[in-house]
Amino acid sequence: MKKEIPFNFLSIPKINFKKTKIVILPIGYEGTVTGNSGTKFAPLSIIYSSRNFELYDDEYDIEPYKIGIKTEEEIEPDSTSPEKMIKKIEKLTSYYLKNKKFVIGIGGEHTITIGLFKAHKKYYTDLNYICLDAHSDLREKYNGTKFSHACVNKRILEENCNLYLIGIRSISREEKEFLLKERSIKVYYAYQMKEIRWFDEIIKDIKPGRYYLSIDVDFFDPSLIPETGTPEPGGFGWDEVIRFLKNLIMRKDIEVCGFDIVELSPSNIFTSSSLICGKLIYKIICYLVLKWRNLKF
Ligand SMILES: [Mn+2]
């Protein structure tokens, strides 16, 4: 059955497809979760929690929503296998990209990123990948499947691109040893990031090019977003993350071509964790709009 989300992100009036620049894709898929469950309710909760947001951005004096944002119906989960679900996400995302839309995926578990990334990679063949996450997710297989949330970045690596994994603070010895040999992955451990102004420093390391951005909400400290599948202490705060994202999008030689936010598992329809995720999405939209309009920020 199709789970129709009865709300629009930001509760803005519905617009037609032609006027749409940004498509919000709710993907409440939860097939391989190992920690707290409930991520299937994340799109509903984030969208509901965004209904009373100020649409005006006081810092930049714009109303970013005017670019044209459309919230699509939730992608019906395919429970037969994670692989089939990934295919389904890939197919739908490709359709939006061919129609020149910018896609924002709201998960759901991290597995959804594979489908979103594959579609983007087909469209932007030189695409690379940036992931903010407490976990390296580099296992070959987990709980019997290659398509578990714990294997996401290993599958992305198979797409022939450069990966930047940022915020890692939970990793197995095997994954760490794998990383020592793997030249296409640059990893930033949380303990190292705490020693520097990472939000300014890491930006200088990132090569020019096109990027897909995946944000696992466990990148944040659990004191800010406790509602996630596998929380890890020692994470990051709002201001520094926003600063990093602004620096990233602002760079003239970098193009962010799509992003997702995954692994929220809300305890209710309106929670502060959900609200923060919604604010994060709108702030990223704000930076993208400034960039697309060639405005200073
Ligand atoms: Mn994670």
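Predicted model: local features only at pLDDT ≥ 70, side-chain atom pairs only at ≥ 80, totals over all residues.
Local features need pLDDT of at least 70 and side-chain atom pairs count only at pLDDT 80 or more, while totals for chains, interfaces and linings use all residues. Residues are numbered from 1 along each chain as its sequence is written.

The protein chain holds nine helices and eight strands. Both are DSSP runs, numbered from the N terminus: helices are H or I with at least four residues, strands are E with at least two. The radius of gyration, taken over C-alpha atoms, is 18 Å. The C-alpha trace spans about 50 × 45 × 40 Å along its principal axes. Of the 297 residues, 48% are buried. A residue is buried if 20 or more other C-beta atoms lie within 10 Å of its own, exposed if 12 or fewer, and partly exposed in between; C-beta atoms are placed from the backbone. Contacts require these C-beta atoms to lie within 7 Å. Among contacts between residues at least 6 apart in sequence, 75% join residues at least 24 apart.

Eight strands form an open sheet with parallel pairing, in the order S2-S1-S3-S8-S7-S4-S5-S6. Strands pair if DSSP finds at least two bridges between them. S2 (69-71) and S6 (185-189) stand at the edges; each has a single partner strand, so one side of each lacks a neighbour in the sheet. Neighbouring strands are turned by 20 degrees against each other on average, direction ignored. Axes are lines fitted to C-alpha atoms, for helices over the stretch in contact; angles run from 0 to 180 degrees between N-to-C directions. S7 and S8 (residues 254-262) pair over eight bridges. Helix H1 (residues 42-49) packs on the sheet and touches S1, S2 and S3. The direction of H1 makes about 110 degrees with that of S3.

Most residues other than glycine have a negative phi, and most peptide bonds are trans. The bond from Gly 107 to Gly 108 is cis, with omega near 10 degrees. Asp 61, between H1 and S2, has a positive phi near 60 degrees. Asp 61 is exposed, with 8 other C-beta atoms within 10 Å. Asn 160 lies between H4 and S5. Phi of Asn 160 is also positive, near 60 degrees. Gly 234 sits between S7 and H8 and is partly exposed, with 14 C-beta neighbours inside 10 Å.

Notes. Rg over C-alpha atoms; globule rule 2.2 N^0.38 Å. Contact = placed C-beta atoms within 7 Å.
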